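Please read them with the structure open.

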Amino acid sequence: MPISPGNLFGQLKTDIVGHLKCLYEKANTRVSNYKVARSHKEDHVVGWAHAMRAVYECFQQAMAWCDIVIIVAEYQRRFLDIWAVIDYYKIIKPRMRFVDTMHKVNPKWMGCFTEDVAITMKVHAARVPVWLIRDARLVNANMNIVKVVSFTPPDDLIIGMHHDPVKLFAQPFDIINRGPNNRKRHEAARQPYSNFEKLPVPKPQVEQMVTRESLVGRAHVDKGKAKMSAKPAPYNATAPHQNKTVSGRDKWSDIDHPYMPPMNSFFKIALEDANKDIIHIKHPRDKMDDGYSLPDPGLFVNVLSPQSLVKYLANWLACCPTWIERVYDKRPRPLPRTQNWHDFLISQHAQEPSNMWTSSKTSKLKAATALLFQKEVPVLWALWAGPTNVHWRGKDIAISMLDNPPADLACQIVYEICEQSFQYELLDLDEHLGCDACKDKEARKERMELLRSIFPSKSLKVWNRDLPQENNGLNAPSFDATLPYFESFRKVLSAWEHFPESLKQPFDATGREHNIWKGMKECCLFYVQSYFNNTGRPPVVPHLLYSVA
C-alpha cells in the first residue's frame with residue numbers, strides 16, 4: 001500500500017482507487033432512489049453517502065499508512081451500513097407489519113442479534129435469520145428454538161490487526177480498553193477514528209433549499225414572534241410535495257404482500273423509469289387535484305395491527321357503494337388526501353359526536369373529514385351500532401374475520417380499488433389535458449366512448465359487476481388480446497400535451513410485435529410521467545387479479 005516498505009507515507013494503487021469509486025457509485029445510486037422515496041428528506045443514510053464521497057477524495061492524496069488502513073476500513077464499513085439500512089427500510093420493515101406473513105428467506109443475509117423477544121418474533125416473521133441472546137432460564141415454553149448456541153463475548157483486550165510495512169508481518173494496533181463489554185468500550189476503541197465523521201460534507205445546491213428537521217424534533221418556536229415575522233413564501237419548484245403518505249412507503253414501487261395483487265409489468269417499469277425530479281411538477285395554478293378518488297391501496301396492506309385492518313376493511317366495504325356512486329356522478333372537490341382516507345377508515349363510528357365545532361386540533365380534523373364523507377358517515381354509524389356482517393359482491397362477510405382475512409378475499413378487494421382508481425384518475429387527467437378534444441356535446445360523447453373502450457366492461461363504473469375470470473384488457477397476457485385496448489389507450493393519450501412523436505402511428509397487428517410491445521411500454525411511461533407532472537404524485541396503476549407464472 002505505501003510507496004515502499006521503508007516509507008510510512010504513500011498512496012493507494014490506481015486499480016484499488018477505481019474499485020473504491022465503484023463502491024461509492026453503487027451506494028450513491030441507491031441513496032438517491034432512497035431520497036426520492038422520502039421526498040428528499042436527509043437523514044443519517046444520506047450523510048453516510050456524503051461522507052463516503054469526501055473520504056474518496058482523500059484517496060488521491062498521500063497519507064500515513066495507518067491512516068490509509070483505517071480510512072479504507074471505515075469507507076467499506078459505511079458502504080455496508082448504507083446497503084443494510086436501505087435493505088431494512090425497503091424489504092424488512094414492510095414485512096414486519098404483519099407478524100403472521102411468511103416470506104422467502106434471503107440466503108445472503110447474515111441476520112441479526114437481539115435481546116428483545118418482541119423484535120425476535122417480528123424479524124423472524126419477516127424471514128430474517130435472528131439470534132436471540134437470552135438466559136436459558138428465561139426462555140418461554142411457547143418459543144420454538146431451532147438451536148442453542150453458546151455466546152462468547154470478546155475479552156477486555158481489543159485487538160485490530162494490520163500489516164506493518166516496515167516489519168513486513170501482521171501485528172495488532174496499540175489500542176487497549178479494559179472494562180465491561182458495553183457501548184462505552186466500543187466507543188473508546190473507535191475514538192482514534194472519530195475524525196472520519198467530522199470530514200466536510202459537500203451538499204448540492206438543490207438539497208440546501210430543502211428544509212431539514214432535527215432528528216430529535218423541532219426546536220421551540222415562539223408562535224407570537226413567528227406570526228409577526230412570517231412572510232409569504234414564494235413558489236419554489238424544488239419544494240417537497242406536501243401530499244405525504246401516512247405509512248411512509250415508497251409509492252413508486254410495487255408492494256410485495258399477499259394482500260396486494262401484482263402490478264401490471266408495463267406500468268411497473270414505467271413507475272421505475274419515470275423522471276421523479278420535483279422540478280417537473282407544474283405550478284399550483286396549473287396542477288389538477290392531487291387527492292384520491294378512492295383510498296390509497298397501500299393503506300390496506302401497510303397497517304400496524306389486526307384491529308386496524310378490521311376497521312379499514314369493514315368501513316370501506318360498508319361505504320364503498322355510496323361513495324363510488326357519488327364519485328361517478330360528480331367527483332367531490334377537493335378530493336380526500338391519504339390522511340383523510342386514513343382518518344375516515346381507521347375510525348370506529350359508534351355514535352355521532354356531540355360537538356363537532358370544538359377548538360381542539362383533533363376535533364377540527366375530525367370535522368373536516370366528516371364534511372368530506374358526510375353521506376358515508378351515517379352508513380358507518382349504522383354499521384358499528386349493531387350489524388356483525390358487511391355485504392360485498394353478493395356475499396356476507398363477518399366483520400370478526402377481517403382481522404386475518406383470506407388472502408384471496410383481501411386481494412380481490414384491493415384489486416377492485418386499484419382498477420377503479422386507475423379509471424377515475426385517467427378520467428380526471430384526460431379532463432385536465434384533453435379538454436380540446438371535448439369542445440361540444442357530440443365530441444364529449446365520442447371521447448367517453450373512446451375512454452370506455454380501454455376497458456373490457458365498456459364501463460367506467462365496475463363496482464357492481466362480477467370480477468373477471470382472467471386477466472383482460474390492459475392486463476391481458478397475450479399480444480392479440482391486449483392490442484385493441486392499448487390502441488384505445490394510445491388514442492386517448494394522443495390528445496394530451498407533449499405526446500411523443502414515436503407514438504403517432506397506430507398499433508397495427510400486422511406490424512412487428514417487438515415494436516408494438518415497445519410502444520405499449522412507452523404509452524405507460526407517458527401516462528405515468530404526465531400524471532406525476534400534473535399532480536406531484538405517482539398514479540394508481542392497473543394490477544393483475546391473477547398471478548402470471
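1. Glu376 and Arg326 are both buried; buried means under 20% relative accessible area, exposed over 50%, and partly exposed in between, with a 1.4 Å probe and protein chains only. The two residues form a salt bridge, with the closest N and O atoms 2.9 Å apart. The pair links distant parts of the chain, 50 residues apart. Glu376 sits in the loop between helix 11 (361–372) and helix 12 (377–385), and Arg326 in helix 9 (residues 306–329). A salt bridge here is a side-chain nitrogen of Lys or Arg within 4 Å of a carboxyl oxygen of Asp or Glu. Helices (H or I, at least four residues) and strands (E, at least two) are DSSP runs, numbered from the N terminus.

2. A word on the basis. This is a predicted model, in which local features need pLDDT of at least 70 and side-chain atom pairs count only at pLDDT 80 or more, while totals for chains, interfaces and linings use all residues. Residues are numbered from 1 along each chain as its sequence is written, and side-chain values use heavy atoms, with hydrogens and water left out.

3. Arg333 and Asp428 also meet in a salt bridge, at 3.4 Å from N to O. Arg333 lies in the loop between helix 9 and helix 10 (338–346) and Asp428 in helix 13 (residues 407–433), so this pair ties together parts 95 residues apart in sequence. Arg333 counts as partly exposed because its relative accessibility is 47%. Asp428 counts as buried, at 8%.

4. Glu425 pairs with Arg537, the closest N and O atoms being 2.9 Å apart. Glu425 is in helix 13 and Arg537 in the segment after helix 16 (513–535), so the pair ties together parts 112 residues apart in sequence. Glu425 is buried, at 4% relative accessible area. Arg537 is buried too, at 3%. Elsewhere, salt bridges that share partners join Arg77, Arg78 and Asp81 into one network. The structure holds 14 salt bridges.

5. How many cavities of 30 Å³ or more does a search of the whole structure find? The search finds two. A cavity is a set of points, on a 1 Å grid over the protein atoms alone, where a 1.4 Å probe fits but cannot get out; lining residues have an atom within 4 Å of a point.

6. Now helix 4 (residues 117–125). Thr120, Val123 and Ala125 are buried there. The buried residues of this helix pack against strand 3 (112–114) and strand 4 (130–132). Arg127 follows the helix, with a positive phi near 65°.

7. Last, the whole chain. It has 16 helices and eight strands. Buried residues make up 41% of its 549 residues. Among contacts (heavy atoms within 4.5 Å) between residues at least 6 apart in sequence, 72% join residues at least 24 apart.

Terms used
On a 1 Å grid over the protein atoms alone, a cavity is a set of points where a 1.4 Å probe fits but cannot get out, and a pocket is an open set with protein on both sides within 12 Å along at least five of seven lines; lining residues have an atom within 4 Å of a point. Grid points are joined across faces, edges and corners, and a volume is the space filled by probe spheres set on the points.
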